[in-house]
Amino acid sequence: MATDIIRILMRNEIELESIIEDYLKGKLTPREIEAFEQLRANDPAVDHKVVTHKVFLDSLQQYAEILALKEQMNHAHESLDVSYLTEQFRPHPSFVVNLWRKNKALIAVAASFIFLASLSVYSIQHNTKQNGSYEVMKKEVASIKNSQNRLIRNINSSRVQKENINPGRFGGTGFALSSNGYLCTNFHVIDGADSIYVQNNKGKSFKVKVVFSDPQYDLAILKIDDENFSALASLPYRLKKDNIGMGENVYTLGFPKDDAVLGEGYVSSNTGYNGDTTAYQVSIPVNPGNSGGPLLDNNGNIIGAITAKQNQADGAAFAIKSQYIMEALNAIPQDSIGSRITSVGKKNVLKGLHRTKQIEKIQDYVFMIKVYN
Amino acid sequence: MLNNSEETLNRLYAGYYPMVLQFILNNSGDEDDAKDVYQEAIIVLYNKIKTGDFELSSKLKTYIYSVSRRIWLKKLSQQSKKTNNLSDFEDVLAVEEDVEQHEEKDQQFQKMESALQHLGEPCKTIIQDFYINNLSMTDICEKFGYTNTDNAKTQKYKCLQRLKKIFFQL
């Protein structure tokens, strides 16, 4: 066989090439391969030919593959509506539109905040308008009273009608500390109350009783005491034990109006009003009714409870630190609490979720507190 | 994709083309540039998968975007256009090495393309039929009307010799 091949070689260079090709393609029989490899070993010129031929055929092969791929891609390209897409993605003269395209997801989230924020701003305006008009009303009443007084003095006969006293109704926010109905809110929300009800986000009201109150830290713990109340699912958030840093993004859910309102901001100081170390100062737009609302960080840990805001200073609200909520909670007989809120470190289901998803999970655990006295 | 599954390729192609188109359009290119860059990026991906050491450390989308971005940056700098103020739409990976490897391969590809171009007919078709379309010598013999396969073989041999010569000279 080997001699055959050599004879063929002598005869025809063409035959050599086709043998090399067959060899490279693996078309030779084992015996032929053996003979050919012997020839390669003996004849460097043949070996060189094999190597260069292989290199060349490889690049030809690659060329073929890429060509086929390109053809397929062109085919795929034809099925696309390029002109439509081009129109859609063409750089827009407007900066805003470009910004929108680049940060779609971010903007979508931001937009929902802006929407919620504007809702809360609206409710402030609404409130202040009401307050304003209320003040005006009061003034008017007073002036009527004055003129009436004068009238009384002058005429000294007819009786003055007494000013109608509104049924005192106050509201705040509270959040669940355990699944069996322990809630946390501010002491000032429930102070002096005759009866207290809480309302969940589905609009159902439950009667609650105060089980613990701490005027020093302005905290109160309530227990839902209503036969219609069925236990909550396990709490999604955790209570953060340590302080959190300045600048940390935080948000709160509260009831400045009849529906929950999101407030978003950041921790602006590690101390509260007049350097109070038990509270944070947070830059969040809060309104009457936000009191007692949970203050959460981005990971869904409760870092405090909103307590108050500073008059005359914009965006300065205060929140009592979570440690003191924990302390208040520890003051209650532990066996009555059942599955209580756990501190950070345990798995937090809110961690890593988008804000909207977090809120979705939290809102069942935030209650509007209605106080009657 | 390696099995030349047309459906896979079509899906992949349609899936990420808008992303690259958006990137190119917003960085001083047009839809034809986008098509070129995108197809090159897919070839990079194809070659990368073929070598077998392709481990996706990120989303496929991010990889394709990064490669397209790198290729387009190179093209822009070749046209000595400004490349600052690049508008990005996705995260970017470091893919310089992959793109450089691709450039070498692409040179080979273009060399082969122009070599075949220089070869002229009927050699070009014979070579393509035999080596790319895998036709047998007898098929070629019939197609080109050679009187016997030996003539066809001789012709193919001569053509290949010429192609090699052109290819290695380029």
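## A hairpin to start with

Ser213(A) has Ala220(A) as its bridge partner in S5(A). That pair belongs to a run of 6 bridges that join S4(A) to strand S5 (residues 219-224) of chain A, and the two strands run antiparallel. Together S4(A) and S5(A) make a hairpin, with 4 residues between the strands.

Which residue in the turn of this hairpin has a positive phi? The residue is Asp218(A), with a phi of about 55°. Asp218(A) takes this positive phi although it is not a glycine. Its place is in the loop between S4 and S5 of chain A. Is Asp218(A) buried or exposed? Asp218(A) has 23 other C-beta atoms within 10 Å, and the cut-off for a buried residue is 20 or more, so Asp218(A) is buried.

## An enclosed strand

Further along chain A comes strand S12 (residues 317-321). How many of its 5 residues are buried? The count is 5 of the 5, so S12(A) is largely enclosed by the rest of the structure.

S12(A) has pairing partners to trace. Strand S9 (residues 279-283) of chain A pairs with S12(A) in the antiparallel sense, over 4 bridges. Within that pairing, Gln281(A) has Phe318(A) as its bridge partner. Strand S11 (residues 301-309) of chain A is joined to S12(A) by 5 bridges, and these strands also run antiparallel. Ala305(A) stands opposite Ile320(A) in S12(A).

## A loop residue and its contacts

Now look at Ile244(A), in the loop between strand S6 (238-239) and strand S7 (249-254) of chain A. Ile244(A) has 18 C-beta neighbours inside 10 Å, so it counts as partly exposed.

Leaving aside residues up to four places away in sequence, Ile244(A) touches Val267(A), Asp297(A) and Ile303(A). Asp297(A) is 53 residues from Ile244(A) along the chain, while their C-alpha atoms are separated by 8.8 Å.

## Chain B and its helices

Chain B contains 7 helices and 0 strands, giving the pattern α-α-α-α-α-α-α along the sequence. Of its 170 residues, 29% are buried. Among contacts in chain B with a separation of 6 or more, 65% are between residues 24 or more positions apart.

For a helix pair to follow, take helix H2 (residues 31-51) and helix H3 (residues 60-78) of chain B, whose axes come within 9 Å and cross at roughly 125°. That angle makes H2(B) oblique to H3(B). The crossing of H2(B) past H3(B) is right-handed. On the H2(B) side, the contact is made by Val37(B), Tyr38(B), Glu40(B), Ala41(B), Val44(B) and Leu45(B). H3(B) contributes Tyr63(B), Ile64(B), Val67(B), Ser68(B), Ile71(B) and Trp72(B).

## Where the chains meet

The contact between the chains takes 24 residues from chain A and 29 residues from chain B. On the chain B side, the elements giving two or more residues are helix H1 (6-25), H2, helix H4 (96-119), helix H5 (123-132) and helix H7 (149-169). Which helix of chain B gives the most to this side? H1(B) does, with 10 residues.

The model scores ipTM 0.78 and pTM 0.43. Chain B has a mean pLDDT of 78, with 86% of its residues at 70 or more. Chain A averages 74, and 71% of its residues score at least 70.

Confidence in chain A is highest in strand S10 (residues 294-297), at 90, and lowest in helix H7 (residues 104-155), at a mean of 49. Over residues 128-168 of chain A, pLDDT stays under 50, and the model has 4 contacts beyond four places in sequence for them. Where pLDDT is low, the predicted coordinates should not be read in detail.

Terms used: Residues numbered from 1 in each chain as written. Chains lettered and ligands numbered in written order. Predicted model: local features only at pLDDT ≥ 70, side-chain atom pairs only at ≥ 80, totals over all residues. pLDDT = per-residue confidence, 0-100. Buried ≥ 20, exposed ≤ 12 C-beta atoms within 10 Å, placed from the backbone. Contact = placed C-beta atoms within 7 Å. Pairing = 2+ DSSP bridges. Axes fitted to C-alpha atoms, helices over the stretch in contact; angles between N-to-C directions. Parallel < 35°, antiparallel > 145°, perpendicular 65-115°, else oblique. Left-handed = near helix turned anticlockwise from the far one by under 90°.
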